[in-house]
Amino acid sequence: MSSDTLALLGSSALAGALVAGWWAVTGRRATPEGAEQGDARLVALSEPSAGRLVAPVTRWLGARLMRWSPARGATVRQRRLDMAGLAATWTPSTLLGVRALSGLLAGVLFVIRWALDPSPSGVLVALVAGVAGWYAPDVWLIRRGEQRRRLMAQAVPDMIDQLAVLVRAGLGIDAALNRCAQSDPGPLGRELARVVQELRLGASRQRALQDLVVRTGVGDLRAVVTALAQAEELGVPVSDTLRIQAGEVRVRRRQRAAEHAMKLPVKILVPLVVCIFPVLLIVLLGPAVLSIVDELGA
């Protein structure tokens, strides 16, 4: 059997083992009988194996790497986790552990591939794969945060309208925020629920709302929070302030949509020039060029 065939079979077997291992680790188990009575051991066994196998490894790696990580890096990672909505389950050390584990797995995968079919560039490819695996969790986290921020920005006007209606109906700001959190199943509703929880724990409303703005990174929320603070200081009716802010947020959303529409022709120009125009030139001028070459050759 040739070396290419062995390399192909080995890579296929490794890929199948990785898929089976991922399914075995992340697959949901059936809840054992008696777990409802609060047996901690049975409840732990009902959880996916990722929480019992992979999570301790990532925590151990993250704790070791945190010793050499600067404080500013931990702050940046915490902000990314907040924007991605994972702050309740992940910590900066956990993210470091995930990055290290991802880099190690990617590097080991390509080392095994190189061992099956050695080549001069195999070690370099393994190093590049390890670096890519190290940065892959950060890329995924940033993309998740951006998607989550867009969803919240789209839900802000409706939330402000609902908040204005509830305040006009006689509810207080805290009760209205709680009602908005219960009615919104999206990421903005979960962030509002966190604000309500912070208020119940004794935080001031202004501080809780400012923390909401920092966690989400939505500019429209910053404007609304500032307007609410000014309305409370000046004694302006909160419902009127919210109604005005909802209109302004919708105007800004229409302006952003118009801005994206104006950028579309410029973005289309690159694939048009690089991909479409050369093909048209080949189709239109190709026969004429071939005819000229034949005539000159004759």
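The following questions and answers concern a predicted model of one protein chain.

Residues are numbered from 1 along each chain as its sequence is written. Local features of this predicted model need pLDDT of at least 70, side-chain atom pairs count only at pLDDT 80 or more, totals for chains, interfaces and linings use all residues, and side-chain values use heavy atoms, with hydrogens and water left out.

Me: How many helices and how many strands does the protein chain have?
Reply: Helices (H or I, at least four residues) and strands (E, at least two) are DSSP runs, numbered from the N terminus. Read along the sequence, the chain follows the pattern α-α-α-α-α-α-α-α-α-α-α. The count is therefore 11 helices and 0 strands.

Me: What percentage of the residues in the protein chain is buried?
Reply: A residue is buried under 20% relative accessible area, exposed over 50%, and partly exposed in between (1.4 Å probe, protein chains only). The chain has 298 residues, and the buried share of them is 29%.

Me: How many residues does the largest nonpolar core have?
Reply: A nonpolar core is a set of buried Ala, Val, Leu, Ile, Met, Phe, Trp, Tyr and Cys residues joined through side-chain atoms within 4.5 Å. In soluble globular proteins, nonpolar side chains tend to be buried together. In this model, the residues with the most contacts inside the largest core are Met-159, Ile-160, Leu-177, Leu-192, Leu-221 and Leu-242, and the core has 32 residues.

Me: Which residues does Ile-160 touch, not counting residues up to four places away in sequence?
Reply: Contact means heavy atoms within 4.5 Å. Ile-160 is among the residues with the most contacts inside the largest core. With residues up to four places away in sequence not counted, Ile-160 touches Val-224, Leu-242, Ala-246 and Val-249.

Me: What is the volume of the largest cavity?
Reply: On a 1 Å grid over the protein atoms alone, a cavity is a set of points where a 1.4 Å probe fits but cannot get out, and lining residues have an atom within 4 Å of a point. Grid points are joined across faces, edges and corners, and a volume is the space filled by probe spheres set on the points. The count comes to 1 cavity of 30 Å³ or more. The largest cavity has a volume of about 80 Å³.

Me: Which helix gives the most to the lining of the largest cavity?
Reply: The lining includes Met-159, Leu-177, Leu-192, Leu-221 and Leu-242. H6, H9 and H10 each supply at least two lining residues. With 4 residues, the helix that gives the most is H10.

Me: How far apart are the end C-alpha atoms of H8?
Reply: The expected span of a helix is 1.5 Å times one less than its number of residues. H8 has 14 residues, so it should span 20 Å, and its end C-alpha atoms agree with this, being apart by 20 Å.

Me: Which residue just after H4 takes a positive phi?
Reply: Helix H4 (residues 71-84) has 14 residues and reaches 20 Å from its first C-alpha to its last, close to the 20 Å expected. Its buried residues include Gly-73, Leu-81 and Ala-84. Among these, Leu-81 and Ala-84 also belong to a second, separate core of 5 residues. Just after H4, a positive phi of about 80 degrees is taken by Gly-85.

Me: Why does Val-98 count as partly exposed?
Reply: Val-98 has its place in helix H5 (residues 92-116). Leaving aside neighbours within four places in sequence, Val-98 is in contact with Thr-58, Trp-90 and Pro-137. Val-98 counts as partly exposed because its relative accessibility is 22%.

Me: What distance separates the C-alpha atoms of Arg-150 and Gly-217?
Reply: Arg-150 lies in helix H6 and is partly exposed, with a relative accessible area of 48%. Arg-150 and Gly-217 are 67 residues apart along the chain, and their C-alpha atoms are separated by 10.0 Å.

Note on methods. 1 Å grid on protein atoms, 1.4 Å probe; cavity = no way out; pocket = protein on both sides within 12 Å on 5 of 7 lines; lining within 4 Å.
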